[in-house]
Amino acid sequence: MWIFQNTDCLPKTPCSLNISPVLYLILVSIIWSASFALFKSQLASLDADLTALLRLLLALVIFLPFFRPARIPTRTRLWFALIGGIQYGLMYMMLNESYQFLNGWQVALMTLFTPIYIVLIDSCWRRRLDTVFLLASIFAVAGAAIIMTQEHAMLAGSWKGCLLVQGADICFALGLLMYREHKLKIPEISDSELYALPYAGAVAVAAIGTVISGGFAQVASIDADQWMTLLYLGTVSSGLCFFWWNKGATMVSPGMLAALSNIKIPMAVLVGLVVFKEESGDLTRLIVGSATMIVAIALAQERAKETV
């Protein structure tokens with residue numbers, strides 16, 4: 001059970017949680033589960049690039065007080081800014097645009113291939129495919145697919161929305177693994193000391209996108225409820241949760257990371273169906289799909305124990 005024991009390197013900042021890495025990731029999944037439907041109900045009418053920019057600006061503000069540029073080499077700063085531009089900037093621009101074509105729970109469901117992307121990208125990086133981790137990722141995808149094959153969860157939305165989510169998923173998986181790889185090389189620098197860099201890179205990318213899309217013209221039309229939603233999503237769902245997720249990624253195996261990546265899907269579907277009343281749901285499929293994801297997590301954990 002080594003994964004549940006390694007908590008010594010949790011960041012010593014006001015954003016820290018004294019819990020295990022796996023619980024870090026599960027907690028983030030719970031918080032993210034409501035974000036899909038919340039965004040759809042409050043912010044989908046706004047320019048996709050503008051909402052990405054505002055969320056990422058708020059996230060950047062949270063981590064600026066912890067930023068220690070003097071401790072970080074210039075080359076490293078550029079790498080982490082690039083990582084943020086990919087993982088958060090490009091990802092959010094595509095993900096936010098997908099809400100024009102899909103419901104919140106559909107966006108969550110369309111992220112079901114994230115585990116496969118994580119394992120395959122990691123395998124390309126290491127030039128070695130771990131078949132057990134691949135199997136765990138397949139179980140994670142299968143669990144999400146079981147949920148998705150509900151009658152109302154078939155692709156009622158546009159293929160454009162589905163493609164946008166896949167592009168966002170690939171950007172997120174690539175950025176996540178790049179962060180994990182580069183951060184493990186500099187253990188002397190805490191995550192909190194450099195985490196303003198990914199957000200700065202993401203803000204730059206989203207700002208360029210907003211200029212091109214003309215989204216700045218909508219700023220004056222954002223109402224109080226939308227600002228409150230942006231404040232929550234920017235500081236919590238984007239700011240703290242991305243920090244916790246990437247921090248957790250440096251403390252678990254790629255296989256476990258892949259298996260846990262789809263936990264947000266049953267949670268998001270449950271929140272969307274029960275809280276936001278987006279559609280009626282099939283509770284049996286939700287339970288079976290969730291159980292299949294638990295099998296994926298168990299496989300990944302057993303494999304990780306073997307490699308210690």
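Student: What should I know about the model before I start reading values from it?
Tutor: It is a predicted model, in which local features need pLDDT of at least 70 and side-chain atom pairs count only at pLDDT 80 or more, while totals for chains, interfaces and linings use all residues. Residues are numbered from 1 along each chain as its sequence is written, and side-chain values use heavy atoms, with hydrogens and water left out.

Student: How many helices and how many strands are there in the chain?
Tutor: Helices (H or I, at least four residues) and strands (E, at least two) are taken as DSSP runs and numbered from the N terminus. Read from the N terminus on, the elements run α-α-α-α-α-α-α-α-α-α-α-α-α-α. The count is therefore 14 helices and zero strands.

Student: What share of the residues of the chain counts as buried?
Tutor: A residue is called buried when its relative accessible area is under 20%, exposed when it is over 50%, and partly exposed in between, using a 1.4 Å probe and protein chains only. V203, which lies in helix α10 (residues 196–213), is an example of a buried residue, with a relative accessible area of 13%. Of the 308 residues of the chain, the buried share is 57%.

Student: At which residue does α4 bend?
Tutor: Helix α4 covers residues 74–98, and its 25 residues reach 35 Å from the first C-alpha to the last, close to the 36 Å expected, where the expected span is 1.5 Å times one less than the number of residues. A bend at a residue is the angle between axes fitted to the seven residues ending there and the seven starting there. In α4 this angle is about 30°, and the residue is G85.

Student: How many residues of α8 are buried?
Tutor: Helix α8 has 25 residues and reaches 36 Å from its first C-alpha to its last, close to the 36 Å expected. This helix is mostly covered, and of its 25 residues the number buried is 20.

Student: Which residue forms a salt bridge with E193?
Tutor: Side chains of opposite charge can pair when their charged atoms come close. A salt bridge is counted when a side-chain nitrogen of Lys or Arg is within 4 Å of a carboxyl oxygen of Asp or Glu, and by this rule there are two. E193 lies in helix α9 (residues 191–194) and its partner in the loop between α3 (48–63) and α4, so the pair ties together parts that are 122 residues apart in sequence. The closest N and O atoms are 3.1 Å apart, and the partner is R71.

Student: Are D191 and K247, which meet in a salt bridge, buried or exposed?
Tutor: The N to O distance between these two side chains is 2.9 Å, and the pair links helix α9 with helix α11 across 56 residues. D191 has a relative accessible area of 2% and K247 one of 5%. D191 is buried, and K247 too is buried.

Student: What volume does the largest cavity have?
Tutor: On a 1 Å grid over the protein atoms alone, a cavity is a set of points where a 1.4 Å probe fits but cannot get out, and its lining residues have an atom within 4 Å of a point. Grid points are joined across faces, edges and corners, and a volume is the space filled by probe spheres set on the points. A search of the whole structure finds two cavities of 30 Å³ or more. The volume of the largest is about 320 Å³.

Student: Which helix gives the largest share of the lining of the largest cavity?
Tutor: The lining has 20 residues, of which W32, F36, M91, L95 and K264 lie nearest the centre. The elements that give two or more residues are α2 (35–42), α4, α8 (159–183) and α11 (224–249). The largest share is four residues, and it comes from α11.

Student: Which helix gives the most to the lining of the second largest cavity?
Tutor: This cavity has a volume of about 40 Å³ and is lined by V119, D122, S123, D130, F133, P254 and G255. At least two residues come from each of α6 (114–126) and α12 (254–260). With three residues, the helix that gives the most is α6.

Terms used
1 Å grid on protein atoms, 1.4 Å probe; cavity = no way out; pocket = protein on both sides within 12 Å on 5 of 7 lines; lining within 4 Å.
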